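Hi,

Here is the structure I promised to pass on. My notes on chain B follow below.

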Amino acid sequence: MAPSSQSLNQSAGRAIEINTGRLQRDLLIRRIGKIGLYFNPVFSFFFLWAPIAVLVVFSFNESRSVATFTGITLDWYVNIFTGVLGAESAFSTELLLDSLSNSLIIGFITTLISTVIGTMVAMSLVRSDYPGKRLLDGVLYLPVVIPEITQGISLAVFFNMLFDYWNMLTGQRLYPGLHTVVIGHVAFTISFVAVVVRARLADMNPRLEEAARDLGANEWRTFREVTFPLLLPAIIAGGLLAFTLSLDDFLVTFFTAGSGTNTLPVFVYGLLKLTVTPEINAISTIMVVASTVLIGISLSLQGRNATRG
Amino acid sequence: MLEARSRRRRTLGGVLLALPAILWLALFFLIPLGIMVVVSVLTRDASGAGVLPLTLEHYERVFGVFSPVLWRSIGISLVATLVCLVIGYPLAFFISTRQRQWVRQVCLFLVILPFWTNFLVRTYAWRVLLGDEGTINSILSATGLIQEPLQLLNTQFAVVVGLVYGFLPFMVLPIYASVERFDFRFVDAAHDLGANDLRAFLEVVFPLTLPGVFAGSALVFIPCVGAFVTPDLLGGTSGLMIGNLIQRQFGGSGNMPLGSALSVVMMVIVMLTLLAYVRFGTRRA
């Protein structure tokens with residue numbers, strides 16, 4: 001009896017020994033994992049924010065260098081609004097303001113059209129059934145995934161051909177401009193509006209509309225007094241998304257605008273291609289602030305949307 | 001009968017509601033894409049536009065002379081996707097495992113907000129950082145680590161950095177959603193069965209969050225293949241991608257049919273990626 005119990009104890013002891021070895025290894029793995037898990041966000045957030053911080057900081061730098069900070073100045077901001085940008089006289093304040101106003105005009109018209117059309121198609125997809133609906137659903141998502149450069153050049157080829165034929169038929173020469181840019185922007189923003197509005201529609205309680213109809217409201221009145229007010233936050237959020245996308249777009253604009261029409265991104269691209277100047281840092285900083293404000297508004301609207309629903 | 005009539009009315013109403021979008025997308029999205037496909041098999045005329053007869057010479061050039069650029073584009077996109085995954089997975093995991101909701105929201109906000117800054121501006125920021133007299137080289141030479149400035153800008157490295165910077169949120173968000181849905185009691189079960197953290201992660205957590213990984217990878221890879229601005233501003237000649245080749249064929253002394261052919265090939269790569277995602281990526285979800 002005694003020897004066998006001893007061997008049992010021995011084997012138990014060995015088992016515990018092996019376990020402590022494993023335990024140490026497992027604890028080491030856990031510690032490495034934890035360190036990694038805390039190191040990663042520090043690195044990632046630095047990676048995401050440092051470039052923007054550098055732009056903002058050096059937009060106030062006295063010297064033209066983007067390496068050493070010598071002192072604070074607002075000269076570069078003043079330069080944007082009073083005179084010539086950097087060494088390139090081709091980029092005047094006038095042209096900048098002209099580009100900005102083009103961007104805003106295109107943005108507003110695009111938003112108006114694609115919000116209306118996008119909301120309509122979202123309602124159609126959620127509330128009714130017809131042959132080809134699935135196909136439409138698929139096509140609607142295509143502009144989101146097809147590379148912008150493909151959309152841009154296919155539109156360029158399309159307008160080029162269209163204008164050539166028009167010229168042949170009527171002898172009248174048409175040119176690209178703000179209108180062709182708007183057409184291109186609407187083509188890819190409809191999808192984004194539709195996605196946002198559709199999500200809200202799918203969450204909406206259909207009984208509310210049924211109730212309105214039971215109470216004698218016709219379809220138009222049901223839409224105007226029940227559906228539309230409930231959808232409004234999503235429509236506004238979709239519209240703001242379309243506006244931001246249009247304002248931000250470079251490639252589709254680049255290919256559909258023709259030579260005479262600048263938007264802010266096309267203007268900025270022209271500047272960037274040439275040189276690095278502190279004025280670009282200043283313009284970039286203004287754009288960062290502007291988009292942050294826009295997104296803030298959009299998020300607070302969506303937040304209200306979520307709490308209400 | 002009333003029922004049937006009202007259903008018919010709803011069908012008609014639905015079609016009418018969808019009609020403007022259908023027309024707009026058909027006219028200004030699908031037809032232009034179709035025309036582009038047609039132009040890609042036309043012969044180039046003196047002005048750079050396409051004329052008859054039909055030819056496949058542009059596709060021959062795409063897969064012949066231009067195949068290095070094609071492969072480079074795919075290679076750069078794959079590397080950028082992989083880097084996004086390596087950085088983005090732990091980040092998404094970290095964010096979605098925070099206990100307090102406001103911490104998660106702030107973290108997500110910190111990931112998304114830079115994304116809403118104009119893409120050109122964000123790419124330009126890396127020109128400032130990576131240039132010969134840029135921020136990184138200046139810091140390195142000030143600390144005495146280097147004598148000569150490092151060639152960082154106008155390299156494939158710069159393009160990868162720019163693409164990762166541009167599309168990282170596309171990787172983080174789907175993985176975040178996947179990890180958030182993951183039931184961590186599975187990890188407890190794995191531990192009870194003797195698995196350590198590493199094994200529990202590799203054999204339980206990672207496989208169950210694969211839908212997010214696939215979605216994120218597709219969402220990053222697709223815009224990378226179609227990139228123009230990033231290689232244009234950061235890549236120089238050594239980082240040239242398909243997007244840059246396409247852009248060069250339009251305007252001036254361009255070659256629209258060749259540009260169209262390049263575009264069609266790019267579109268096919270995107271479609272194949274999507275197809276692969278739908279086929280393999282959504283199966284587990």
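In this predicted model, helix α3 (residues 67–96) of chain B meets helix α10 (residues 210–225) of chain B, with axes that come within 9 Å. They cross at roughly 140 degrees. The crossing of α3(B) past α10(B) is right-handed.

Next, helix α7 of chain B. It covers residues 156–181, 26 residues in total. At 1.5 Å a residue, α7(B) should span 38 Å. Its end C-alpha atoms lie 37 Å apart, so the two values agree. There is a bend, though: about 50 degrees at B:Phe167. A proline, B:Pro169, follows within four residues. Of the 26 residues in α7(B), 21 are buried, so the rest of the structure largely encloses this helix.

Look also at B:Asn154, in the loop between α6 (135–142) and α7 of chain B. Most residues other than glycine have a negative phi. B:Asn154 is not glycine, yet its phi is positive, near 60 degrees. Is B:Asn154 buried or exposed? Buried: 20 other C-beta atoms lie within 10 Å, and 20 is enough to count as buried.

Last, the strands. β1 (residues 42–44) and β2 (residues 50–54) of chain B pair in the antiparallel sense, over three bridges. One bridge joins B:Leu42 to B:Leu54 in β2(B). The two strands form a hairpin, with five residues between them. In the turn, B:Gly48 has a positive phi of about 95 degrees.

Best wishes

Notes
Residues numbered from 1 in each chain as written. Chains lettered and ligands numbered in written order. Predicted model: local features only at pLDDT ≥ 70, side-chain atom pairs only at ≥ 80, totals over all residues. Pairing = 2+ DSSP bridges. Expected span 1.5 Å × (residues − 1). Bend = angle between axes of the 7 residues up to and from the residue. Buried ≥ 20, exposed ≤ 12 C-beta atoms within 10 Å, placed from the backbone. Axes fitted to C-alpha atoms, helices over the stretch in contact; angles between N-to-C directions. Left-handed = near helix turned anticlockwise from the far one by under 90°.
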